[in-house]
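Please keep the sequence and the coordinates in view while reading.

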Amino acid sequence: DFKRTFKTTQQMESSAAAEHVELERAIKADIAGKETKKTLDEQELTLTTTGIESNTASLISNTREMDDALMALEALHPTCVDTGMSYQERVDKRNEELAALKKALCILDPEGVEKTCEE
C-alpha cells in the first residue's frame, strides 16, 4: 500500500510541477505583454501631451489674431457702415469729389496732357 501511495504522490508532484512550469511561463508572457503595452501607452501619452501643448499654443495665438481682427473690424464698422447718409447721398457726394479732383488735376496740368482736361 505504501508503494501505491508513493507512486500516486510522485505522479501528483510531477503533474503539479508541470502545471507550475506552464503557469509560470504564462505569467511571464503576460507580464512581458503588459510591460510592452505600458511602454507603448507611455509613449502615446507623451505624444498626446506634446500635441495638446502645441495645439493649445496655436489656439492661443489664433485667438489673439482673431481678437485683433475683430477689434480692427469693429473700429472700421462706423466708418464703413454707419455714415448717416443714404445710398444716393453717398453716390452724389462721391461724384462731387470726383469732379473736384478732375478740376484740380486740370488746374495742375496747364499743358493739357490729361484727356479729361481737354473736354
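In which helix does Glu97 lie? Glu97 lies in helix α2, which covers residues 87-108. Helices here are DSSP runs of H or I with at least four residues, strands are E runs of at least two, and both are numbered from the N terminus. The model is predicted, so local features need pLDDT of at least 70 and side-chain atom pairs count only at pLDDT 80 or more, while totals for chains, interfaces and linings use all residues. Residues are numbered from 1 along each chain as its sequence is written, and side-chain values use heavy atoms, with hydrogens and water left out.

The secondary structure comes to two helices and zero strands. The protein has a radius of gyration of 45 Å, well over the 14 Å that the globule rule gives for 119 residues, so the protein is more spread out than a compact globule. That radius is taken over C-alpha atoms, and the rule is 2.2 Å times the number of residues to the power 0.38. Along the principal axes, the C-alpha trace spans about 140 × 35 × 20 Å. Of the 119 residues, 2% count as buried; buried means under 20% relative accessible area, exposed means over 50%, and partly exposed lies in between (1.4 Å probe, protein chains only). The accessible surface comes to about 11000 Å², and 60% of this belongs to carbon and sulfur atoms. Accessible areas come from the Shrake-Rupley method with a 1.4 Å probe, and for residues only the protein chains shown count as cover.

Helix α1 takes in residues 2-80, and Leu23 has its place there. Together with Ile27 and Ile31, Leu23 forms a nonpolar patch on the surface, with about 270 Å² of accessible area for the three residues together. Leu23 itself is exposed, at a relative accessible area of 51%. Patches are made of residues with over 30% relative accessible area and no salt bridge; like charges are joined within 9 Å, and nonpolar side chains (Val, Leu, Ile, Met, Phe, Trp, Tyr) within 5 Å.

A search of the whole structure finds five salt bridges, each a side-chain nitrogen of Lys or Arg within 4 Å of a carboxyl oxygen of Asp or Glu. One of them joins Glu24 and Lys28 at 3.5 Å, N to O. These two residues both lie in helix α1, four residues apart, about one turn of the helix. Glu24 is partly exposed at 34%, whereas Lys28 is exposed at 53%.

Asp41 is partly exposed, at 35% relative accessibility. Lys38 and Glu42 meet in a salt bridge of 3.9 Å, N to O. Because they are four residues apart in helix α1, about one helical turn separates them. Glu42 is partly exposed at 42%, and Lys38 is exposed at 52%.

To return to Glu97, this residue is partly exposed, with a relative accessible area of 45%. Glu97 forms a negative surface patch with Glu89, Asp92 and Glu96. In the charge count, Lys and Arg are positive and Asp and Glu negative, with His and the chain ends not counted. The protein has 15 positive and 25 negative charges, and their mean positions are 13 Å apart. Each charge is placed at NZ of Lys, CZ of Arg, CG of Asp or CD of Glu.
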